Amino acid sequence: MSVLHDTHVPFDRLVDYWFGDMGDADIATIDEHLMHCDSCGAQLESVALLTQGTRDAFAAGEVGAVVSADFVARLVERDVRVREYRVGPGGSVHCTVAPEDVVLISRLEAPLHGVGRLDLVAEMPEGATEHFPDVPFDAASGELLLASRVARVRPLPAHDFRLRLFAVADTGPQEIAEYVFHHRPWQ
Amino acid sequence: MDAVETGLQGREVVLARSIAVAAGEQAREAEAELYRLLAPRARRYGLRHLRDSHAADDLMQHVMALTLEQLRSGRLREPERILSFVLGACRLTVQELRRGARRREELLQYYGEALMPDVVEDDVAMGHQRVAECLQRLPERERSVVLLSFMEEREAGDVGAALGLSAGNVRVIRHRAIARLRDCVESGGVRR
C-alpha cells in the first residue's frame, strides 16, 4: 500500500490501522503519513476517543450487548466485579444486582446447532416487548451471553421478565428457548 | 520518496531551518510553533503504538525535547528531514517504553493488580453517556463487535471467533459501526 502526501487515508483504513488489521509495512506507511497529515491525525483521534468513551460507558453499566465467554473470563481475570446467572431453555432464575457489581451477565443456554439467524425478544412486566433481530452468536458454544445495562437494572423494583430466542429461517421464526428472570432489588 | 520526505516544503522544515541557524532567544518563537505542530503527531503515534495516554505523553515530551535539542545544537544536520527524524525518534522511544512497560506488567501481574489503561486523557474524553446512547442505537451485531473491539483492541479474527463471524465480516461490520458511532457522537447523539 502506498499513501501519497496529498492523499488522505480512508477512515476504514485508519480503523484497521488502529486495531492492527494490516501488515507491518502498511502500518509503517500510515505512521509516516500521520507524521505530516493532521487531518488524518484528527480522524485517528476520533477513534481513540470512541475507544475511551466505549470503555467508560461499559464501566458505568450503560451498555448492553451480546458478549463472549472469553470476554467475560478476561473481565474476571482483571478483577472486574461480574455477576452472572446461567439459565437453561425453559428455565427461570432469581436475580439481583449488588451495589458493587460492574457487569451483569445472563448466560442463556440454547440449542443453537444449525441456527442461521437468531432473534431475541425481551418481554417486560407491563407487557411491552423489545425485539433484537439478528444477534451475533457462536453456535458451537451452545449459549448466548448477554451483558445487561447494570445502571438501568440496579434501581428497578421487583419484577419478572422473559427472554425468548427465535431461530429465523426462510420458513419464518421458530422459538427455541424461553427464560424467566425474577428480579429483586439488592437487600 | 517516502511520505515523510514529501513534507520537505512544509512549515515544519522552514521552522527547523530557522531554529538550526538562529541562536538562543531568537529561535524561541520558531521552537514554540514547531512544538505545536509536531507534538500532537508524536502523541498520536504514542496512542496508537503504546495504547496508554500517559505513555503517549511521555513519548511526546521525550521526542520533542530531543528534536529541539538536536536542532539547537546543530546535530540534526539536515533540518529538511525533520519529519523523518521525529518519526524515527518516536519508533525508538516506543521500543524503549515497551521494554519498560513489560517490566511494569510483570510487576502488576506479580501483585495481582489489573488496570485498563486510559487511551485518552479525562479532559478530552467524550462523555460516556453520549457514547452509551449512540452505542445503544447500533444494531445488536454492530454493538457487540464495537464493544469487544474497543474493550480489548483485538484483531478482527479474534473478535469474529467469539461471535461466530469471519474476520472479513468483522472488519466490514466494524467499519460501518464505528463510522455510525462517530457520526452519532459528533452530532450530539441526536441522529439515528
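Strand 4 (residues 103–109) and strand 7 (residues 143–148) of chain A run antiparallel to each other and are joined by six bridges. Within this pair, Leu108(A) lies opposite Leu144(A) of strand 7. The model is a predicted one.

**The four-stranded sheet**
- In chain A, four strands make up an open sheet with the order 1-7-4-2, and their pairing is mixed.
- From one strand to the next, the twist averages 30°.
- Helix 4 (residues 69–77) of chain A packs on this sheet and touches strand 1, strand 2, strand 4 and strand 7.
- The direction of helix 4 makes about 145° with that of strand 2 of chain A.

**Strand 5 and its partners**
- Strand 5 (residues 117–123) and strand 8 (residues 159–169) of chain A are antiparallel and are joined by seven bridges.
- In this pairing, Glu123(A) is placed opposite Arg162(A) of strand 8.
- Strand 5 of chain A also runs antiparallel to strand 6 (residues 129–132), with four bridges between them.
- Here Leu120(A) faces Phe132(A) of strand 6 as its opposite residue.
- Strands 5 and 6 of chain A form a hairpin with five residues between them, and Gly127(A) in the turn has a positive phi of about 95°.

**Domains**
- Chain A is assigned domain 1 (11–59) and domain 2 (65–183).
- The C-alpha centres of domain 1 and domain 2 of chain A are 32 Å apart.

Methods. Residues numbered from 1 in each chain as written. Chains lettered and ligands numbered in written order. Predicted model: local features only at pLDDT ≥ 70, side-chain atom pairs only at ≥ 80, totals over all residues. Domains from an automatic or database assignment. Pairing = 2+ DSSP bridges. Helix = DSSP H or I, 4+ residues; strand = E, 2+ residues; numbered from the N terminus. Axes fitted to C-alpha atoms, helices over the stretch in contact; angles between N-to-C directions. Contact = placed C-beta atoms within 7 Å.
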